[in-house]
Amino acid sequence: MSPEVDKLVHYQMAVATCRGPLNGEHYGNKRLEKRPSAKRRVFVQTESGSVLGIELDRSDNAQTLKRKLRLALNVPTDESSLVCGDMVLKNDLSIVRNDSPLLLTRNLMHRSSSTPCFAPIGRDFQQRDQSGPIEILGYSDKFARTKELVVEIVKAIRNDIDPVPVHGGLGGAYYFRNCHGENIAIVKPTDEEPYAPNNPKGFVGKALGQPGLKRSVRVGETGFREVAAFLLDYNNFANVPDTALVKVTHSVFNVNDGVKGNVHQYGMQASKIASLQQFIPHDFDASDYGTSSFPVAAVHRIGILDIRILNTDRHGGNLLVRKLDGAGRFGQVELIPIDHGLCLPESLEDPYFEWMHWPQASIPFSDDELAYIRKLDPFRDSDMLRMELPMFREACLRVLIICTIFLKEAAEFGLCLSEIGEMMSREFRGQEEEPSELELICLEAKKLFQEELSYSEPKAGGQEEFQFDLDCGEELDLSRCTEDKMEITRTLRCGSKGESRRCLLSKLEETAEEDMEDDEGSMQKSSYATGTSSGNRSANEQLPMSSSFVKLADMSEEEWMQFLENYQKLLRPAFANRKVGNLGQRQRQRLGTSCQF
């Protein structure tokens with residue numbers, strides 16, 4: 001067993017005894033948490049974005065909490081659910097950490113286009129929330145600087161220095177200032193993201209928790225990812241600005257009249273769950289500056305972070321450039337990466353790494369960078385995020401583990417940043433999107449453990465065997481395009497690569513077409529441009545069928561561990577083939593544009 005999987009056994013044994021299945025229901029305390037105190041506070045967010053802070057007694061359960069919400073919101077809550085990330089809280093609330101954000105959502109069978117989302121607005125609602133104007137939701141030691149920013153912001157607000165809306169981008173964002181009127185933080189409410197109910201720029205139409213602008217990032221969850229990127233940037237290695245999740249109350253925020261409306265309730269205090277990031281003064285962004293002058297170390301460090309978190313939106317507009325010498329256009333500069341809301345998707349996606357074709361990315365890693373990569377521990381990282389961001393979905397943490405292992409093994413093998421980025425990126429032939437080399441390795445790893453299961457498990461009868469084929473047939477069909485277990489990795493950079501990829505892609509398209517025929521009409525017509533709303537369903541149902549070649553949320557803990565062991569066995573042969581294939585490497589075609597927030 002490989003060293004990384006040895007670590008996985010150590011951490012996952014604890015997790016397996018404390019966690020239920022993904023997208024499941026939580027009935028008891030099945031998670032390692034600090035012992036709850038007699039009094040706890042939670043911030044409940046409705047699908048329409050409204051936030052209410054409520055004190056919990058030790059004896060409170062999900063039903064008593066919903067009764068409190070019914071009195072506070074003046075709406076029926078019997079046919080609704082309290083959700084924390086993947087978990088639906090059925091009764092026991094011992095898993096809920098102090099200051100955790102929860103989502104109150106209507107059950108699918110009771111939702112219709114004529115049924116409004118919970119949207120409590122009014123003086124009585126705000127009076128019931130006794131929390132302060134800005135409260136940090138988390139206890140990490142890394143939030144020390146953010147606490148100082150909050151103190152400065154509150155002083156400024158009390159001196160009538162109000163926040164200023166940011167006019168660029170697709171989502172709602174606000175500059176918060178200090179007593180001197182200087183911008184010191186940027187706040188992005190989760191309910192003002194693109195397609196969220198209170199988006200101030202007309203991009204509305206969905207409730208929180210539904211599919212968002214990107215394929216596997218849900219509406220209202222980009223703020224969590226902003227905080228995760230900061231927490232994962234140990235020792236400020238990549239220079240991510242201080243970021244925290246906050247509950248903030250102010251009249252500047254946008255509140256629409258209903259899910260599809262766009263009427264601002266002027267002058268009314270509104271409470272929001274939001275990401276708060278330190279504002280960094282800068283001279284321009286990378287799209288306005290010659291990239292050849294960027295320090296190699298800065299590009300490498302940002303690239304290392306982007307690979308770990310599978311950033312699907314790293315473009316020049318979210319790399320800030322600050323001059324260090326103050327004179328001359330080509331002097332020393334510093335790079336500051338921002339806007340990480342589209343990282344850590346729920347399934348393997350096509351990343352967007354603009355730095356991939358910069359000359360700095362082709363330079364080998366330095367000894368210091370290799371030492372940093374060796375010290376990375378994806379299992380400790382995922383445990384840290386479970387503790388600091390309990391609403392973070394398990395499938396996103398699995399993406400983090402896969403990508404960090406990929407980075408560690410690739411760097412140890414001697415690949416440079418651009419080579420790693422290319423292996424993670426998909427190709428386009430005409431209008432067809434093909435799986436990346438990373439995704440092909442994952443497909444083969446899934447095939448191997450599924451074959452092992454089929455040989456080791458006794459056949460219990462025709463019906464059960466048929467059900468297994470239904471559950472696993474998609475990946476098995478894909479793998480039939482290869483002649484043996486290693487054919488996928490052999491063909492990644494060899495002459496037969498095109499035929500192999502086209503075969504895999506055709507199978508994927510056939511499966512997607514069959515799935516879409518059986519899916520509901522609202523999902524058949526799902527489009528990020530239309531902004532139409534669909535029902536509240538599981539993660540795999542919500543994501544467009546053609547967007548994900550590799551599903552991670554459908555594996556049990558035991559299957560996940562076996563998958564990782566197989567995955568690591570396939571990496572070194574794939575890296576060796578990449579090195580051989582580089583002799584005749586051709587120019588890769590990239591398609592599409594990235595989205596700016």
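**Rings, cores and a sheet**

Let me start with the aromatic residues: Y174, F176 and F253 make up one aromatic cluster. Keep in mind that this is a predicted model.

Searching the whole structure gives 10 aromatic pairs. I will take two. In one of them, Y174 and F253, the ring centres are 5.1 Å apart and the planes stand at 85°, so this pair is edge-to-face. Y174 and F253 are both buried.

In another pair, W560 and F563, the centres are 5.7 Å apart; the planes are at 15°, so this pair counts as stacked. W560 and F563 both lie in helix α17, residues 557-581, and are separated by about one helical turn because they are 3 residues apart. Buried or exposed, then, for W560? W560 is buried, its relative accessible area being 0%. F563 also has 0% relative accessibility, and therefore counts as buried.

Two lysines sit over rings. The charged end of K142 is over the ring of F230, 4.3 Å from the ring centre. K206 lies over the face of Y195, where the distance to the ring centre is 5.7 Å.

Now the nonpolar cores. The largest has 67 residues, and L65, L69, F176, L344 and L385 are those with the most contacts inside it. Which helix gives the most to this core? That is α5, residues 222-232, with 7 residues.

L385 is worth a look on screen. Leaving out residues up to four places away in sequence, L385 touches A228, L231, L232, P390, L397 and L400. There is also a second, separate core of 62 residues, which includes I302, I373, L415 and F449.

Last, the sheet. Three strands form an open sheet in the order β13-β14-β15, with antiparallel pairing. β13 (284-285) and β15 (333-337) are at the edges; each has a single partner strand, so one side of each has no neighbour in the sheet. β13 and β14 (residues 319-323) run antiparallel and are joined by 2 bridges. For D285, the bridge partner in β14 is L320.

That is what I have; questions are welcome.

Conventions: Residues numbered from 1 in each chain as written. Predicted model: local features only at pLDDT ≥ 70, side-chain atom pairs only at ≥ 80, totals over all residues. Heavy atoms only, no water. Core = buried A, V, L, I, M, F, W, Y, C linked by side-chain atoms within 4.5 Å. Buried < 20%, exposed > 50% of the residue type's maximum accessible area, 1.4 Å probe, protein only. Helix = DSSP H or I, 4+ residues; strand = E, 2+ residues; numbered from the N terminus. Contact = heavy atoms within 4.5 Å. Phe/Tyr/Trp six-rings, centres within 6.5 Å; stacked < 30°, edge-to-face > 60°. Lys NZ or Arg CZ within 6 Å of the ring centre and 35° of its normal. Pairing = 2+ DSSP bridges.
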